[in-house]
Amino acid sequence: MMGEGLSEGKGERHGRVMFGGGKRKENNGDFEREKRELKSLLLLLLGFIAELPKPKPPTKLCSSIIIISLSFLCVFFSTRTMIKLFKVKEKQRELAENANGGAPIKKQSAGELRLHKDISELNLPKSCAIQFPNGKDDLMNFEVTIRPDDGYYLGGTFLFSFNVSPIYPHEAPKVKCKTKVYHPNIDLEGNVCLNILREDWKPVLNINTVIYGLYHLFTEPNYEDPLNHDAAAVLRDNPKLFESNVRRAMAGGYVGQTFFARCM
Amino acid sequence: MAETEASRSRDLDKLLLRRGNLVGPRFEPGTELRDDLQTYARVLVVGAGGLGCELLKDLALSGFRNLDVIDMDRIEVTNLNRQFLFRLEDVGKPKAEVAAKRVMERISGANIVPHFCRIEDKEIDFYNDFNIIALGLDSLEARSYINNVACSFLEYDSDDNPREETIKPMVDGGTEGFKGHARVILPGITPCFECTIWLFPPQVKFPLCTLAETPRTAAHCIEYAHLIKWNEVHGGTAFDPDNPKHMKWVYDEAVKRAELFGIPGVTYSLTQGVVKNIIPAIASTNAIISAACALETLKIATECSKTMSNYLTYNGSEGLHTKVAEFERDKDCLVCGPGVLIELDPSITLQKFMDLLEEHPKLRLSKASVTHQGKNLYMQAPPVLEEMTRPNLSLPVFDLMGKLSKDVVHVNGMTSKNDQKVSCLRKLRLVFKGVDGVTDMDTAGGA
């Protein structure tokens, strides 16, 4: 509840996508450039550690005093005190009691508005597609399909569900993988270990960056951040076996005791 | 009666029957003011928990008689140490109903209407019936929602000044252990909740892989049970933090996990704290914050003193530190800001409207996407939405907005700033020329 500014990034040791801390990054560039940038940033997934730039503490308190006192003056020029205003309103309310008002309109939350901006500026590569199962007016719940065009998972199709809160971007979107996948950073329940979805989420990030982050999980799976312990161990100790396990799982079959439905 | 009334309002009378040094310019001391406060001021208290109980009592004792209280929760046994309006036999009953009843029993003349429901269940108009809204909440989402509703009543005149009669003042309190805040929000004048949402530190979220692989603290074990193990075992059933069985299951799993890794410190109350984000509440912090909020509410209503400008923080954990900081409005706030006033002919199509935005001197906005009250009128991307909204381009904006004479739309797109293209999101107040309901531009507002 307290206003103590943004808290600091914690010293967790694991892969992280790093972004320039200050200014919001415009994402109207082409995908290849984003990809290169992200790739270097994603050195991450190899256990790269760096400190996030410290956000500046708020310093703009005093300069507003004049503006605010001016606006107070404007209000006080009016002759009615608040209570007189209440009196007038109460009388109006009694009169209007039986008159039927306009249909209540659903107000858009600030989170929805920001999401609207994110979505309308999406710039996705061919390997990623977005769907809105509830139609064009529900942007808060959507699905993303990723078809990796490189790496172990080439040829597979993976579905993710996104659920966005009304206080977005103060809170990260909730993302689940709906396709059962043999992957070191995604468990069999669909939980995804991606730093920017949890501990490294910042309001300057957006839906585009999250989708790129997911995409990179497939091109560069990372055994240092295991969520599926077995898959991570195989990737670390025997990449050849890992590759064949991934192919078997994607084609529909068993890896160990676990059955994976076909997703190619 | 006269005697008891006089003794009851003795302290209040010192503020309302005489002129102090800090009164507002319109302040008129006298018994009429006191009577008007009792008769005409209607205050909604949002939340009937730790702060809400205090607020109801404080407001009722400060001369407010017409109070409503809204809360969706039922009383739990753990509330009883600080939510002093509740008794053991009340456990399981709705907080709002019991709180209203108890205050009315003790304070004659108080008329408190309880609402046992979610804040979202009420129509927007419900909130417009109150003169002031006092918030005793524990979540960002709920604050953001009420703020959005209160700001939606705000209208601006053609010079972008807020119209006073449309300002819905809010007084917001919040506590966490020995810390607390109280703030006054006069939409259009002082920063709204959304202007300063960055003040709230982000929630601590542990990396999932740490939980799964290398837990080091008791909280890691609890979050493992809550976020990973629960889904593994219960599949489709969503975890309900208010269900004691669910909580006990998570606690038991967390204990097993902690034993496996030799980590001490997992307790049932820590489990509740981590999973529900609960910080132990301190009764005296609630009392102090509530007193500040009730006083501000009284000051807004009567102008017996200037209101606090505009954000008080209180910290009682080591000695006592308290101060008031004046925060700034975000002039481009999408929730409380005036936006840009645009007058349109009802026949203008969406395509033509978007062309106008490019030429508009204050906007110069290209590649616009347009949304109106939850309806996406046009989306530049992704292709699937662009295709779905493209037919709207040839339709009149007036029709697309449900033939309202005026309303707010939000647009985002690209604009130029210092010769650089930047993306921006703007609020627009649209007014349609020659449509019934708008006779002069000064009533053209809406939020």
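Trainee: Over residues 110–255 of chain A, how many Å apart are the end C-alpha atoms?

Mentor: Happy to start there, bearing in mind that this is a predicted model. The stretch carries the UniProt annotation "domain: UBC core", from an unreviewed entry. Helix makes up 32% of residues 110–255 of chain A and strand 16%, and the end C-alpha atoms lie apart by 45 Å.

Trainee: Is Asn245(A) buried or exposed?

Mentor: Asn245(A) sits in helix 7 of chain A, residues 239–251. Beyond residues up to four places away in sequence, Asn245(A) touches Tyr182(A), Val234(A) and Val255(A). Its relative accessible area is 6%, and the cut-off is under 20%, so Asn245(A) is buried.

Trainee: Which helix of chain B holds Cys209(B), and what is its relative accessibility?

Mentor: Good pick: UniProt, in an unreviewed entry, places the feature "active site" at Cys209(B). Leaving aside neighbours within four places in sequence, Cys209(B) contacts Thr214(B) as well as Cys193(A), Asp225(A), Pro226(A) and Leu227(A). The residue belongs to helix 8 of chain B, residues 208–213, and Cys209(B) counts as buried because its relative accessibility is 4%.

Trainee: How are helix 10 of chain B and helix 11 of chain B oriented to each other?

Mentor: Their axes come within 10 Å and cross at roughly 110°. Among the residues making the contact are Met247(B) and Tyr251(B) of helix 10 of chain B, and Tyr268(B) and Val275(B) of helix 11 of chain B. By class, this contact has 6 nonpolar, 2 polar and 2 charged residues. Angles of 65 to 115 degrees fall in one class, so helix 10 of chain B and helix 11 of chain B are roughly perpendicular.

Key: Residues numbered from 1 in each chain as written. Chains lettered and ligands numbered in written order. Predicted model: local features only at pLDDT ≥ 70, side-chain atom pairs only at ≥ 80, totals over all residues. Heavy atoms only, no water. UniProt positions renumbered as here; feature names shortened; annotations may be inferred. Helix = DSSP H or I, 4+ residues; strand = E, 2+ residues; numbered from the N terminus. Buried < 20%, exposed > 50% of the residue type's maximum accessible area, 1.4 Å probe, protein only. Contact = heavy atoms within 4.5 Å. Axes fitted to C-alpha atoms, helices over the stretch in contact; angles between N-to-C directions. Parallel < 35°, antiparallel > 145°, perpendicular 65-115°, else oblique. Nonpolar A, V, L, I, M, F, W, Y, C, P; charged D, E, K, R; others polar.
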